[in-house]
Amino acid sequence: MGKITVIQHEAAFDTVAAWRIISAVEDKADAVIGLSTGRTTKGLHQRVVEIHADYPFDVSRVTFFGQDEIAGVPRDYWGACYTMLKTEIIDGLGIPDDRFRMLPTASDDFEASCRAFTEGIDRRGGIDLLMLGLGENGHIGFNQPGTPFDAPTRLAGIHPELEARVRRDLSLPDDAPLGGVTLGLKDAMRARKVVLVAKGRHKAEAVRHILRGPLTPEWPGSLLQLHPACEYLLDAEAASLL
Ligand code: GLP
């Protein structure tokens, strides 16, 4: 079982989480670091940029990548993971495109694109640190409940709530295909270190299931119980049912 770190206040949470990323870069100049998007990670990304402005640690060799992406939207849509990460952290650190790897929002062959993405990560030495968000239903990336633990990086489905928001935002017709391209659970488990971040009372149930419940595809995050170097960074509310 991994290490559990509980932090009371949001500002401190973001600072501690930001330092997990900074330390990974300081430990290894050419580190490969996976990022997640969402409400939980926005503040910590911004904190990394703020700290970098005061304390310019060397990012000239680091590679960042996003663990998932929405398929079927323009890449510059504000809700696309590419645009979120670029605005929150990538541009602020001045990372060029060749060291910011994303799964595509559009592809003629998602299977080949996913293969190229994971091969690209492997060529750079594999994932050193993977910062993971957690869905209320225990999902990781777009690996929804029921995903087999050995699922590869692939085009998967998108959850109804997100689908409705994207269609509304972009005025997409009901039949325009949407999906979620995601790092597979199998590939996430290959990261040397994982830091799962969760904030808020609405995540408490999922946190309890993935940490205290049985290992089950019904709670994809429970697979992390088998990871040899996983830290769970939680605020007091997310940890309240442990
Ligand atoms: C979405 C994203 C995940 C993210 C999760 C948590 O499902 N595809 O990458 O980890 O939401 O988001 P939030 O932090 O907003 O709860």
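Analyst: Let's start with naming: helices (H or I, at least four residues) and strands (E, at least two) are DSSP runs, numbered from the N terminus. This is a predicted model, where local features need pLDDT of at least 70 and side-chain atom pairs count only at pLDDT 80 or more, while totals for chains, interfaces and linings use all residues. Residues are numbered from 1 along each chain as its sequence is written, and side-chain values use heavy atoms, with hydrogens and water left out.

User: Where is S171 found, and what makes it count as buried or exposed?

Analyst: S171 is found in the loop between α5 (160-170) and β8. Its relative accessible area is 62%. The cut-offs are under 20% for buried, over 50% for exposed and partly exposed in between (1.4 Å probe, protein chains only), so at 62% S171 is exposed.

User: What is the phi of S171?

Analyst: S171 has a positive phi of about 50°, although it is not a glycine. For background, most residues other than glycine have a negative phi.

User: How do you know whether D14 is buried or exposed?

Analyst: D14, found in helix α1, has a relative accessible area of 9%. That value falls under the cut-off for buried, so D14 is buried. Leaving aside neighbours within four places in sequence, D14 is in contact (heavy atoms within 4.5 Å) with T40, G43, L44, R47 and K199.

User: And what about H52 and T118: buried or exposed?

Analyst: H52 lies in helix α2, and its relative accessible area of 16% makes it buried. Beyond its neighbours within four places in sequence, H52 touches F57, V59 and L93. T118 sits in helix α4 (residues 110-123); with a relative accessible area of 13%, T118 is buried. With neighbours within four places again set aside, T118 is in contact with T153 and D187. The C-alpha atoms of T118 and I22 are 96 residues apart along the chain and separated by 23 Å.

User: How do helix α1 and helix α2 cross, and what handedness does the crossing have?

Analyst: The axes of helix α1 (residues 10-27) and helix α2 (residues 39-54) come within 8 Å and cross at roughly 65°. Axes are lines fitted to C-alpha atoms, for helices over the stretch in contact, and angles run from 0 to 180 degrees between N-to-C directions.

User: Why are β1 and β5 called edge strands?

Analyst: They belong to an open sheet of seven strands with the order β1-β10-β9-β6-β2-β3-β5 and parallel pairing. β1 (3-7) and β5 (100-101) each have a single partner strand, so one side of each is left without a neighbour in the sheet.

User: How do you know that β1 and β10 pair?

Analyst: Two strands pair if DSSP finds at least two bridges between them. β1 and strand β10 (residues 230-235) have five bridges, in the parallel sense, so they meet that rule. I4 stands opposite Y232 in β10.

User: Which strands form the sheet with antiparallel pairing?

Analyst: That open sheet has three strands in the order β4-β8-β7. The edges are β4 (68-71) and β7 (154-156), each pairing on one side only. Four bridges join β4 to strand β8 (residues 179-182), and A71 stands opposite G179 in β8.
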